[in-house]
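Hi everyone, thanks for coming.

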Amino acid sequence: NLGHDHFRTFLNAHRVAEAKRRLADPEHRHDKLIAIAMDSGFASLASFNRVFRDLEGCTPSAFRAASEPTSEERSAQF
């Protein structure tokens with residue numbers, strides 16, 4: 001009923017959603033990936049990277065880089 005075949009899959013989907021929120025948040029842009037992984041509920045950086053890549057199709061680092069505003073967007077904010 002939860003839309004996932006196993007509880008672990010359900011849990012990892014929510015962990016990745018939290019990690020994505022933190023990776024895209026400008027206030028967390030200087031946080032280390034290990035801190036984001038642990039704060040999102042992952043036990044290790046390796047499992048975080050593997051699950052994130054499997055669900056999102058990119059690494060957490062690539063996701064963070066794609067979420068950062070471009071220099072043109074930063075200029076428009078001022």
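**A walk through the helices**

Let's start with S47, which lies in helix α3, residues 45-56. A word on where this comes from: this is a predicted model, so local features need pLDDT of at least 70 and side-chain atom pairs count only at pLDDT 80 or more, while totals for chains, interfaces and linings use all residues. Residues are numbered from 1 along each chain as its sequence is written, and side-chain values use heavy atoms, with hydrogens and water left out.

Back to S47. Its relative accessible area is 15%, so S47 is buried; buried means under 20% relative accessible area, exposed over 50%, and partly exposed in between, with a 1.4 Å probe and protein chains only. The side chain of S47 reaches the backbone oxygen of S44 at 3.1 Å.

Now the wider view. The chain has five helices and zero strands, and reads α-α-α-α-α along the sequence. Helices here are DSSP runs of H or I with at least four residues, strands are runs of E with at least two, and both are numbered from the N terminus. Of the 78 residues, 23% count as buried. The accessible surface comes to about 5,500 Å², with 53% of that belonging to carbon and sulfur atoms; areas come from the Shrake-Rupley method with a 1.4 Å probe, and for residues only the protein chains shown count as cover. As for contacts (heavy atoms within 4.5 Å), residues 24 or more positions apart account for 53% of those with a separation of 6 or more.

L33 gives us an example from helix α2. At 18% relative accessibility, L33 counts as buried. Which residues is L33 in contact with, leaving aside its neighbours within four places in sequence? They are L23, L45, F48, P60, S61 and R64. Take S61: L33 and S61 are 28 residues apart in sequence, yet their C-alpha atoms are 7.8 Å apart in space.

L45 itself lies in helix α3 and is partly exposed, at 32% relative accessibility. Together with I34 and M38, L45 forms a nonpolar patch on the surface, with about 220 Å² of accessible area. Patches are made of residues with over 30% relative accessible area and no salt bridge, joining like charges within 9 Å and nonpolar side chains (Val, Leu, Ile, Met, Phe, Trp, Tyr) within 5 Å.

Next, H28, in the loop between α1 (7-24) and α2 (33-39). H28 is buried, at 19% relative accessible area, and beyond its neighbours within four places in sequence, H28 is in contact with R22, I36 and R64.

Side chains of opposite charge can pair when their charged atoms come close. The structure holds four salt bridges, each a side-chain nitrogen of Lys or Arg within 4 Å of a carboxyl oxygen of Asp or Glu. E18 meets R21 at 2.7 Å, N to O, and the two are three residues apart in helix α1, about one helical turn. E18 also meets R22 in a salt bridge, at 3.0 Å. R22 is buried, at 14% relative accessible area, and pairs with D39 at 3.5 Å. D39 lies in helix α2 and R22 in helix α1, so this pair ties together parts 17 residues apart in sequence. Put together, E18, R21, R22 and D39 are linked in a network of salt bridges.

How values were computed:
A polar contact is a pair of N or O atoms within 3.5 Å; within protein, one must be able to donate a hydrogen and the other to accept it, and residues adjacent in sequence count only if both atoms are side-chain atoms.
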